[in-house]
Amino acid sequence: MITGIMQVMALRLLRDRGALVLAFLLPPLIFAIFAAIFSNASNGDLDLDVAMAVTSEAERTQELAGAFAISGKFNVFTEDGWTREDVRQQVRDGFADTGVIFSSDLSDVAEATVEIVIEPSRDIAATVLAGQLQQFIAGEAPDLAIRRNALTVSTLTGGFTPEQSGRFDAALAELMADESRESSDGFYQRISALDEAGRATADPSIAYYAGATAILFLLFSLMQGATISLEERRNAITERLLLGPSGILRLTLGKFLYLTLQGTAQAIVIFIVAAIVFEVPVIANAGLLLVVSLSMAACAAGLALFVTSLCSTPTQAHTVQTFLVLIFSSIGGSMVPRFMMPDWLQSLGYFTPNTWAIEAVYGVLARGETLAGISAACAILIVIGVVSLFGSAFVSHQLIRS
């Protein structure tokens with residue numbers, strides 16, 4: 001009897017393609033994505049986009065900055081004439097993960113500094129950049145770090161005697177080829193890409209996860225809500241509701257509008273919690289957040305209807321929906337920030353609604369952007385939703401005719 005029960009359950013699993021996908025395809029796929037992300041991050045080999053400016057005319061600084069740009073450690077980009085503010089703007093607008101500014105003569109060990117531009121939600125990117133710069137300078141110009149350390153010791157002890165200075169210079173000459181030395185982090189000065197006075201929230205990571213969580217659960221809940229279409233199709237309710245050639249479009253549009261309103265309300269609830277618990281200034285940005293909420297909800301509603309229209313049964317729909325939402329969320333940044341991913345995964349993220357939803361919410365709450373600043377992200381979300389809406393209507397119409 002026990003063997004018979006096991007055989008029945010095994011046959012049931014083998015005949016249920018949805019259960020097979022959830023049991024044996026989705027877990028290894030999610031594992032592969034996260035393994036690629038965290039192996040990349042744990043090795044310190046983040047595919048970071050780094051904006052660079054060289055504002056010093058010193059020959060040593062120019063040489064080191066040029067060598068770093070072509071070192072291949074990161075995706076370094078720069079333009080002639082860029083200033084500190086240009087680099088901060090690139091990081092603030094999300095075109096770069098972090099930035100570096102060579103603003104002083106590095107051969108002047110008493111005053112030499114390298115400025116690292118940080119984006120608070122990507123602080124680890126600045127930390128990785130600083131560490132790589134330390135290793136780079138230690139290899140390219142080990143004398144700078146050693147002289148900086150010697151200056152610190154000299155200051156603390158009241159200065160070197162001429163004899164000590166001579167011995168130091170002789171020893172330094174022998175150590176110039178030693179690439180195992182690391183430079184002092186005294187070279188580095190961290191500056192924020194965001195304007196402190198105009199920052200929308202004290203902790204930008206809260207703004208990031210407000211958007212990441214909102215789009216994740218909108219996709220889940222609205223796809224669940226759209227599954228009612230399959231019950232209507234099975235009970236022939238849809239055919240009875242169609243009163244003319246455009247009936248299927250009106251029916252689909254009605255569902256789309258309802259799901260959009262439901263999703264907007266859900267997103268607003270998340271933002272209210274952020275305001276009450278974490279003191280995020282939602283009221284001050286209520287208008288922009290309403291636009292973003294509507295855009296996210298419209299996108300999720302359209303996708304939900306389209307995905308559901310391609311399925312035959314609620315069980316099949318649940319499988320496909322779960323699969324897509326988890327893939328979108330893992331690649332799009334809802335689970336792990338995209339800057340920690342390999343470059344090819346970051347590129348794939350642009351094909352998910354999660355990436356654009358996060359950009360829009362973060363733009364409002366952390367970067368203090370206006371409607372113009374978030375218009376591109378919101379437009380993409382709305383276009384995805386509208387195209388999916390018409391796709392759903394077309395598929396449903398073809399199924400009814402067949």
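A polar contact of 2.8 Å joins the side chains of E115 and R84; such a contact is a pair of N or O atoms within 3.5 Å, where within protein one must be able to donate a hydrogen and the other to accept it, and residues adjacent in sequence count only if both atoms are side-chain atoms. Please keep in mind that this is a predicted model, in which local features need pLDDT of at least 70 and side-chain atom pairs count only at pLDDT 80 or more, while totals for chains, interfaces and linings use all residues. Residues are numbered from 1 along each chain as its sequence is written, and side-chain values use heavy atoms, with hydrogens and water left out.

**Buried residues and their contacts**

- E115 sits in strand β4 (residues 114-118); helices (H or I, at least four residues) and strands (E, at least two) are DSSP runs, numbered from the N terminus.
- With 6% relative accessibility, E115 counts as buried, a word that means under 20% relative accessible area, whereas exposed means over 50% and partly exposed lies in between (1.4 Å probe, protein chains only).
- T61, in helix α3 (residues 59-69), is buried with a relative accessible area of 0%.
- From T61, the side chain reaches the backbone oxygen of S104 at 2.7 Å.
- A193 is found in the loop between β5 (188-192) and α8 (204-226), and it too is buried, with a relative accessible area of 0%.
- The C-alpha atoms of A193 and V91 are separated by 6.0 Å, although these residues are 102 apart along the chain.
- V91 belongs to helix α4 (residues 84-92), where V87, R88, Q90, V91 and R92 are buried.
- As a reminder, an α-helix has 3.6 residues a turn, so residues three or four places apart point the same way.

**The largest pocket**

- About 450 Å³ of space lies in the largest pocket. On a 1 Å grid over the protein atoms alone, a pocket is an open set of points with protein on both sides within 12 Å along at least five of seven lines, while a cavity is a set of points where a 1.4 Å probe fits but cannot get out; lining residues have an atom within 4 Å of a point.
- For volumes, grid points are joined across faces, edges and corners, and the value is the space filled by probe spheres set on the points.
- The lining divides into 8 nonpolar, 5 polar and 9 charged residues; Ala, Val, Leu, Ile, Met, Phe, Trp, Tyr, Cys and Pro count as nonpolar, Asp, Glu, Lys and Arg as charged, and the others, Gly among them, as polar.

**The cavity**

- A search of the whole structure finds 1 cavity of 30 Å³ or more, and the largest cavity holds about 160 Å³ of space.
- Its lining has 13 residues, of which R122, Y208, R338, I358 and E359 lie nearest the centre.
- Helix α15 gives the largest share of this lining, 4 residues.
- By class, the cavity lining has 5 nonpolar, 4 polar and 4 charged residues.

**Aromatic rings**

- The whole structure contains 5 aromatic pairs; rings of Phe, Tyr and Trp (its six-membered ring) pair if their centres lie within 6.5 Å, with planes under 30 degrees apart counted as stacked, over 60 as edge-to-face and the rest as tilted.
- Y208 and Y209 make an edge-to-face pair, because their ring centres are 5.0 Å apart and their planes stand at 75°.
- Y208 is buried at 11% relative accessibility, whereas Y209 is partly exposed at 37%.
- Y350 and W356 make a tilted pair, with ring centres 5.6 Å apart and planes at 45°.
- Y350 is partly exposed, with a relative accessible area of 46%, and W356 is buried at 19%.
- R338 lies over the face of Y350, at 4.5 Å from the ring centre; a charge sits over a ring if NZ of Lys or CZ of Arg is within 6 Å of the ring centre and within 35 degrees of the ring normal.
- F68, F74 and F136 form one aromatic cluster.

**Positive phi angles**

- G94, which follows α4, has a positive phi near 85°.
- E279 is not a glycine, yet its phi is positive, at about 60°.
- The place of E279 is the loop between α11 (247-278) and α12 (286-309), and E279 is exposed, with a relative accessible area of 68%.
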